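Student: Could we go through this structure together? I would like to start with the helices and then turn to the packing.

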Amino acid sequence: MTDDQHLPERSRIVQQHLTEAGIVSQVRELPDSTRTAADAAAALGCEVGAIASSLLFLADDEPILVMTSGRHRVDTDILAAQLAAATIVMASAKQVRAITGQAIGGVAPVGHPAPIRTVIDTSLNDYETIWAAGGTPHTVMPLTFDQLTVLTRGTPVRVAED
């Protein structure tokens, strides 16, 4: 059992989800912000593509959490085709906070007030270890692609041309 009492409350909730899913990973607090994929990659000494950025979109007004590789931007036309959605729009900061309970730059794949339909960028499978936000802009956690899929019950999809 790890002592995660030093973590922010949001990160403790995320850690609890990891434990309940049977995933051995530890949310870590970093001294500097990991608000952007480039910031996180620099802090962790990894490729920017190994950063699993959490982006919230509305697909036909339904919240969709997209876990995407930091190496590219989500192509909303490709995403719409993958989801058979007529419209895809990026959620506002206010919507992100209301739906996830977390701030932009720190949205974890789990730990939200209610489950969110999640899709996972297939490009993340190119990395042995991927890093996702741990519920705050200063926390991250290492995962494998398979662990992220199990944790989120997400669907792997292509979200950009590579």
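This is a predicted model: local features need pLDDT of at least 70, side-chain atom pairs count only at pLDDT 80 or more; totals for chains, interfaces and linings use all residues.

Student: Which residues of helix H5 are buried?

Tutor: Within H5, residues 145–152, the buried ones are Phe145, Leu148, Thr149, Leu151 and Thr152. They lie on the same side of H5, because the arc they cover around the axis is only 165°.

Student: And what does the face turned away from that buried side carry?

Tutor: That face carries Asp146 and Val150, which are exposed.

Student: What covers the buried residues of H5?

Tutor: The cover includes helix H1 (9–20) and the strands S3, S5, S6 (130–133), S7 (139–143) and S8. Just after the helix, Arg153 has a positive phi of about 55°.

Student: What does Leu148 touch, leaving aside its neighbours within four places in sequence?

Tutor: Leu148 is in contact with Met67, Pro109, Ile120, Leu124, Ile130 and Leu143.

Student: Now helix H3. Which of its residues are buried, and what do they pack against?

Tutor: In H3, residues 76–83, Ile78, Leu79, Ala80 and Leu83 are buried. They pack against strands S2 (51–59), S3 (62–69), S4 (88–90), S5 (117–121) and S8 (155–157).

Student: What is found at the start of H3, and what follows the helix?

Tutor: At the start, a side-chain oxygen of Asp75 comes to within 2.9 Å of the backbone nitrogen of Asp77. After the helix comes Ala84, with a positive phi near 55°.

Student: One more residue: where is Gln102, and why does it count as buried?

Tutor: Gln102 is located in the loop between helix H4 (93–100) and S5. It counts as buried because its relative accessibility is 1%, and the cut-off is under 20%.

Student: What does its side chain reach?

Tutor: The side chain of Gln102 reaches the backbone nitrogen of Ala108 at 2.6 Å. Beyond its neighbours within four places in sequence, Gln102 has contacts that include Arg10, Val14, Val96, His112 and Gly135.

How values were computed: Residues are numbered from 1 along each chain as its sequence is written. Side-chain values use heavy atoms; hydrogens and water are left out. Buried means under 20% relative accessible area, exposed over 50%, partly exposed in between (1.4 Å probe, protein chains only). Helices (H or I, at least four residues) and strands (E, at least two) are DSSP runs, numbered from the N terminus. Contact means heavy atoms within 4.5 Å. A polar contact is a pair of N or O atoms within 3.5 Å; within protein, one must be able to donate a hydrogen and the other to accept it, and residues adjacent in sequence count only if both atoms are side-chain atoms. The arc is that of the directions from the helix axis to the C-beta atoms.
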